[in-house]
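Could you walk me through this model, going from its helices to its aromatic rings and its sheet? I'd like the terms spelled out along the way.

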Amino acid sequence: MISAYRFTVFASDLARSRRFYEDQLGCAIDDLTELGFSARREGLELTVEGGAKRRRLGKGWLGEGGLYITVVSDDFDALIADLTERDAPFLDDVVELPDGRRVTGLADPDGVLFEVREA
């Protein structure tokens with residue numbers, strides 16, 4: 001289970017972003033206008049609007065700014081299994097933190113970072 005959070009992110013290509021949020025993150029999508037859409041999954045609510053300039057996802061791209069969203073899950077294994085089945089673009093393997101919780105991350109097509117963390 002994810003606690004309830006709402007964010008607005010900006011996309012350089014709404015169609016590509018919609019495919020990512022719907023197909024790879026498993027979000028329910030609602031069209032808002034030609035300017036964007038909303039994406040929801042288990043308490044995480046995003047408004048995705050167009051007009052962003054696409055960042056390069058090469059060396060050093062983390063330092064170019066952007067949004068970093070931490071998603072905390074009560075059922076980490078089920079969430080990771082679902083995202084893996086959806087071919088979500090993980091940035092690294094799952095790692096165990098010093099406190100025993102596990103974490104991994106992924107990024108949307110415009111470099112918005114999602115940290116997926118065990119509750």
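A polar contact here is a pair of N or O atoms within 3.5 Å; within protein, one must be able to donate a hydrogen and the other to accept it, and residues adjacent in sequence count only if both atoms are side-chain atoms. Helices (H or I, at least four residues) and strands (E, at least two) are DSSP runs, numbered from the N terminus. This is a predicted model, so local features need pLDDT of at least 70 and side-chain atom pairs count only at pLDDT 80 or more, while totals for chains, interfaces and linings use all residues. Residues are numbered from 1 along each chain as its sequence is written, and side-chain values use heavy atoms, with hydrogens and water left out.

Let's start with helix 1. At its start, Asp 13 has a side-chain oxygen that comes to within 3.1 Å of the backbone nitrogen of Ala 15. Further along, in the helix that spans residues 14-24, Ser 17, Phe 20 and Tyr 21 are buried (under 20% relative accessible area, with exposed meaning over 50% and partly exposed in between, for a 1.4 Å probe and protein chains only). Looking down the axis, the buried residues of helix 1 fall within an arc of 85 degrees, so they line one face of the helix; the arc is that of the directions from the helix axis to the C-beta atoms. Just after helix 1, Gly 26 takes a positive phi of about 75 degrees.

Now for the rings. Those of Phe, Tyr and Trp (its six-membered ring) pair if their centres lie within 6.5 Å; planes under 30 degrees apart count as stacked, over 60 as edge-to-face and the rest as tilted. By this rule there are three aromatic pairs. Phe 20 and Tyr 21 have ring centres 4.9 Å apart and planes at 85 degrees, so that pair is edge-to-face. Tyr 21 and Phe 114 have centres 6.2 Å apart and planes at 70 degrees, so this pair is edge-to-face too. Here the pair links distant parts of the chain, with Tyr 21 in helix 1 and Phe 114 in strand 8 (residues 113-118), 93 residues apart. Tyr 21 is buried at a relative accessible area of 0%, and Phe 114 is buried at 3%. Ring pairs join Phe 20, Tyr 21, Phe 37 and Phe 114 into a cluster.

Four strands make an open sheet in the order 5-8-7-6, with mixed pairing; two strands pair if DSSP finds at least two bridges between them. At the edges sit strand 5 (68-73) and strand 6 (95-96), each pairing on one side only. Strands 7 and 8 run antiparallel, joined by five bridges, and Ala 107 has Leu 113 in strand 8 as its bridge partner.

What does the loop between strand 7 (102-107) and strand 8 hold? Asp 108 has its place there, and this residue is buried, with a relative accessible area of 2%. A polar atom of the Asp 108 side chain lies 3.0 Å from the backbone nitrogen of Gly 111, and one lies 2.9 Å from the backbone nitrogen of Val 112.

Finally, helix 2. In this helix, Phe 76, Leu 79, Ile 80 and Leu 83 are buried. They cover an arc of only 95 degrees around the axis, which puts them on the same side of helix 2. Just after helix 2, Asp 87 takes a positive phi of about 60 degrees.
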